[in-house]
Amino acid sequence: MKFVVFVELLVVSVAAHFVTSNSLLSNEVSALMAFKKAIYEDPFSVLSNWNSQDGQDACNWTGIYCSMDRYHVITLNLSSISLKGFIAPELSYLTSLRELVLHNNTFMGTIPGKIGTINSLKLLDLSMNFLSGPISHELGYLSNVEKIYLQYNGLTGNIPPELGYLRNLVELRLDRNKLQGPLPGNSFPVNFTSNKHGMYTPNPNMTGFCQSPQLKKADFSYNFFAGNIPTCLKYLPRSNFQGNCFKDKDARLQRTTEQCGGTPPAKVHQAPKPEKKHFEYETAHHKSSKPTWLLALEITTGVIVGLLLLFAIFAAIKRFRAKPSVIIPWKKAGSMKDHTTISIDTELLKDVARINRQELEVACEDFSNIIGTSPDSIVYKGTMKDGGPEIAVISLCISEEFWTSYLELYFQREVADLARLNHENTGKLLGYCRESNPFSRMLVFEYASNGTLYEHLHYGEGCQLSWIRRMRIALGIARGVKYLHTELQPPFTISELNSNAVYLTEDFSPKLVDFERWKTILSKKNSDSICNGNAFCGLPDLIERRHMDIQGNTFAFGVLLLEIVSGRPTYCKDRGSLLDWAREYLDLPEVISYLVDPELTYFRYDDLRVICEVVSLCIQPDPTKRPSMESVCSSLENGIDISPAADLKESPLAWAELAIQS
């Protein structure tokens with residue numbers, strides 16, 4: 001009997017506990033449903049299983065992760081699924097939420113200030129959306145937050161000083177917004193002391209971000225911030241402040257005075273200093289009073305030095321024409337037997353400009369203006385002096401210790417190969433840098449000011465790429481690849497033909513630039529690149545394979561066309577491969593419209609049909625069945641409409657503008 005009573009009590013206890021837990025979760029379920037209601041477009045039906053009516057456990061909904069006891073939501077992650085809508089303030093009822101990730105969607109409106117009441121929040125990622133308005137001061141109440149990502153939005157106004165109260169903040173990204181005003185924090189020395197990370201240790205006199213003891217990474221670039229950079233933040237890279245309106249002389253700012261809402265200062269004409277005139281007069285008087293014998297001695301010495309200099313120049317020219325062998329160490333650490341003598345053809349680079357490192361260092365703001373990185377290289381942006389062109393400088397990431405004669409020969413061959421390219425849709429090589437102290441191997445390209453095609457398609461700027469503009473970009477890429485394959489001997493192929501290799505000019509004309517071509521060769525620096533005692537046995541085969549990888553480029557071009565039309569990346573963790581997704585639509589004319597980027601409000605079905613036909617041919621599994629780029633280019637030129645009339649069809653307002661002009 002006692003056992004039965006015990007069991008009954010246990011059942012009642014568990015039931016009561018279940019009811020309590022259910023009631024604890026009910027507020028959070030209501031908050032999630034309010035969030036769903038604020039989303040008016042879900043193209044991939046990701047939230048289709050968010051239904052509180054069918055009794056389904058909310059912890060099983062897409063993007064929801066609950067605590068171990070399933071009482072509370074601890075993570076809401078709905079990144080990169082093309083949701084459109086607003087962020088509901090009811091999310092503040094998720095009181096145990098640790099991570100809120102809505103990265104890379106189309107959320108609009110302001111950031112609800114009530115999110116600042118979620119004290120448990122450690123990660124807030126609302127980056128790459130279309131959020132606007134000011135940053136609420138209530139976000140300064142997120143006492144446990146460690147990372148805040150708000151980059152690539154349209155946020156305006158000043159940074160609330162309350163963000164400086166976040167004692168646990170480690171990383172803050174506010175770049176690529178429209179924020180203005182000063183950065184909160186001391187811009188004058190207040191007895192700062194530096195810790196082992198180069199950061200400043202806060203003291204009671206500090207304000208704003210200078211009070212954040214854990215802040216290691218912060219990016220404020222490409223806004224409209226003014227004033228001075230707080231002294232306590234100067235441990236950050238200068239590139240993290242570029243593209244603003246700072247007065248700080250070390251910030252190397254990029255925005256013009258007009259962009260910052262001011263007018264250029266008038267030039268101040270200063271009168272010559274009397275002391276300088278007096279000095280010049282004394283010097284001239286002193287020179288005129290030299291004795292005759294001293295002048296004669298100076299003239300004789302000058303003539304002798306001039307003759308010696310002339311003799312040295314003739315000797316250098318004679319030695320240069322002799323083309324001697326250059327000894328380059330195969331391994332820097334080793335005996336003389338580790339050295340290989342090779343003949344470097346001095347004629348190979350005679351028509352390519354050699355640019356010294358100091359000039360590039362000035363152009364690229366002490367190499368602080370980084371626009372791209374990879375394990376093998378760093379890409380800088382700069383402007384040549386005296387009104388020269390904007391440049392992109394690719395610097396190879398390899399130390400002199402690992403630089404072998406094999407790599408030196410390959411570098412020179414590659415520079416000569418790139419110098420052959422001369423087409424409106426290929427990047428133009430302006431020169432190269434080769435120096436020993438400090439060790440430098442760099443390539444200098446003409447800069448395309450509009451960034452990469454990848455950035456426009458996937459970083460929230462796809463709206464700039466209308467259908468007609470995408471078609472022009474696709475055709476420009478096709479013409480560029482056709483030139484590389486058919487008009488150069490030997491043919492030239494892009495090592496990784498994708499949207500990151502396509503740079504756009506101001507008028508969105510595509511330029512093919514291969515910054516990844518060094519990946520293969522640099523990966524061999526510690527491998528079996530020496531065979532049978534010949535340090536360069538692999539070089540001809542490597543270059544020949546690259547020149548013959550035409551079919552690989554054709555396949556990559558087909559995938560790139562899909563990326564341009566759909567606006568989807570080639571691979572996404574949540575949605576898998578773009579190619580796998582597209583195959584079910586390519587051969588069915590009645591559903592190919594599903595391939596089109598949902599951001600586009602207009603497209604031409606005839607253009608899309610031609611694109612799909614070309615893609616189907618380019619991605620043939622058998623390389624021998626893939627068409628030539630000459631054939632592909634012809635199909636696109638004859639099948640898609642990029643005429644001015646197509647612009648008028650795409651934009652109804654264009655007809656009105658045309659009527660007004662006439």
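Select leucine 76 first: it stands opposite leucine 100 in strand E5. The model is predicted, so local features are given only at pLDDT of at least 70 and side-chain atom pairs only at pLDDT 80 or more, while totals for chains, interfaces and linings use all residues. Residues are numbered from 1 along each chain as its sequence is written, and side-chain values use heavy atoms, with hydrogens and water left out.

Show residues 73–77, strand E3, where four of the five residues are buried (under 20% relative accessible area, 1.4 Å probe, protein chains only). Strands (E, at least two residues) and helices (H or I, at least four) are DSSP runs numbered from the N terminus.

Cysteine 66 has valine 73 of E3 as its bridge partner. Six residues separate E2 and E3 in this hairpin, and arginine 70 in the turn has a positive phi of about 60°.

**Asparagine 240**

Move to the loop between strand E16 (224–227) and strand E17 (245–246) and select asparagine 240. Its relative accessible area is 15%, so asparagine 240 is buried. A polar atom of its side chain lies 2.8 Å from the backbone oxygen of alanine 218. Beyond neighbours within four places in sequence, asparagine 240 is in contact (heavy atoms within 4.5 Å) with Ala218, Asp219, Phe220 and Ser221.

Select 578–586, helix H11, and colour its buried residues Leu578, Leu579, Trp581, Ala582, Tyr585 and Leu586. They lie on the same side of H11, because they cover an arc of only 155° around the axis, taken from the directions from the helix axis to the C-beta atoms. These residues pack against helix H10 (550–566), strand E28 (576–577) and helix H12 (605–618). At the start of H11, a side-chain oxygen of serine 577 comes within 3.2 Å of the backbone nitrogen of leucine 579.

Finally, show H12 with helix H13 (629–639): their axes come within 9 Å and cross at roughly 170°. H12 is therefore roughly antiparallel to H13 (angles over 145 degrees, between N-to-C directions of lines fitted to C-alpha atoms over the stretch in contact). Asp606, Asp607, Val610, Ile611, Val614 and Cys618 of H12 make the contact with Val632, Ser635, Leu636 and Gly639 of H13.

Notes
Buried < 20%, exposed > 50% of the residue type's maximum accessible area, 1.4 Å probe, protein only. Polar contact = N/O pair within 3.5 Å; in protein donor to acceptor, adjacent residues only side chain to side chain. Pairing = 2+ DSSP bridges. Axes fitted to C-alpha atoms, helices over the stretch in contact; angles between N-to-C directions. Parallel < 35°, antiparallel > 145°, perpendicular 65-115°, else oblique.
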